[in-house]
Amino acid sequence: MLEAPSPTGTVLRVPETPTEDAAYFTTEEPDEARAYYDEYGYVVLRKVVLPSLCSRALEAFDRVGRFSRIPMLRQKNMRYERHTFSADGYLDNPIFNVQDLGSRALGPFRNAALDILTAPRVAEAVAVLLGCSRAKLIQSMFFEAPAGTWAHQDSYYQDSAAGLGGGIAGWYALEDIDAGAGRFYVCPGSHRTVPVIRNTGTHNFATGHDNYRDAMLETIRRHQVGFTAPYLAAGDVLFWNSLTIHGSLPASRKGVSRRSFTAHYLRDDDAMLQFHSRIRSQRMTSYNGLQVGMLHDQDLMRNRLVRGAAFHFPAQYMALRRAALRAVLAQRAARRALQGIAGAGQDWADASKSGPKPPLNPSLE
Ligand SMILES: O=C(O)CCC(=O)C(=O)O
């Protein structure tokens, strides 16, 4: 076991080998996996992705992605940037929404990624965990260097319009992940025991993101939730609920990577609730029979124009984005105040075609 500091400063024991961790489940044990997921808010499924698909994605990245100078949308700051690399030579700022990469230059990597994220075994596992017949993919990321992602609930950024906690995500190990490479962690049970921190007021995404990050750490301490950072071999997938607190550790060793995808899913008939504020409609495409959301599809000229503007004038682009976001959040807050609705649980209901369902975990804060 590697001992690493958790985000709240406690000692987190990170398994170095499969034998140091629980066996968890395979796709042959759907009922057991579902029961575990419901109880703990996450579950690991072993050997979901074929090794050949993992190596094909990595080879495709090395061939068409690694030396590309095309600006790509990034996970850490939501900017269009060219690649930068860590001192160890690994891609530093993860790629956001791999499915949006343009097919002309980056198609082999994008398709290799989608072959994993929409594979029939994956689609089946996601549907079992979501308790539906079919899921859809709404977001993805590609990681290489340790990221040290802050502790959060995905719900703050996006969740299900049908009810908070209706989203699920998967962390796909494309190689055996070293314990010192910034292991992904979850807080078991936090989807049930910890309140949803709302994307509103002093915690709103546009102006209060740092407050949100601090509030999350404070919440973890107050509710005394623990951390676990499961061992993940190439082909293993860790699924977690949109209310489960999670993040990743900073690197504690040099020269190790954590090559992986993450992907976020909803039920096929659901809609994406963004920032606890608005229904974000997405143009959908079908891949392997699964619906895939294309928010910034780089095969479309208008999105390439936005990318060009965002890349060449980043300050102006970010200022515009922030202003637009502030306007959306203010509009929702005003509507809430007008309607006298306590909490944000209802404010997207009018936009939801299928009609509101009660949140799975109503806000406690
Ligand atoms: O692996 C990471 O660093 C973070 C991934 C994550 O938080 C996500 O995809 O929502």
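Let's start with strand 14 (residues 272-274), which pairs with strand 15 in the antiparallel sense over 3 bridges; two strands count as paired if DSSP finds at least two bridges between them. Strands here are DSSP runs of E with at least two residues, helices are runs of H or I with at least four, and both are numbered from the N terminus. Across that pairing, leucine 273 sits opposite isoleucine 279 of strand 15.

A word on the model: it's predicted, so local features need pLDDT of at least 70 and side-chain atom pairs count only at pLDDT 80 or more, while totals for chains, interfaces and linings use all residues. Numbering runs from 1 along each chain as its sequence is written.

Zooming out, the order 8-14-15 makes an open sheet of 3 strands with antiparallel pairing. Strand 8 (158-160) and strand 15 (278-280) are at the edges with a single partner strand each, so one side of each has no neighbour in the sheet.

Now for the helices. Helix 2 (residues 51-65) packs on helix 3 (residues 103-117) at an angle of about 160°, their axes 8 Å apart. Axes are lines fitted to C-alpha atoms, for helices over the stretch in contact, with angles from 0 to 180 degrees between N-to-C directions. Helix 2 and helix 3 are therefore roughly antiparallel, the label for angles over 145 degrees.

Finally, the ligand: its surroundings include Met141, Phe143, Asp154, His246 and Ser248, where near means a C-beta atom, placed from the backbone, within 6 Å. Strand 7 (135-143) and strand 12 (246-248) are the elements giving two or more residues to this shell.

How values were computed. Parallel < 35°, antiparallel > 145°, perpendicular 65-115°, else oblique.
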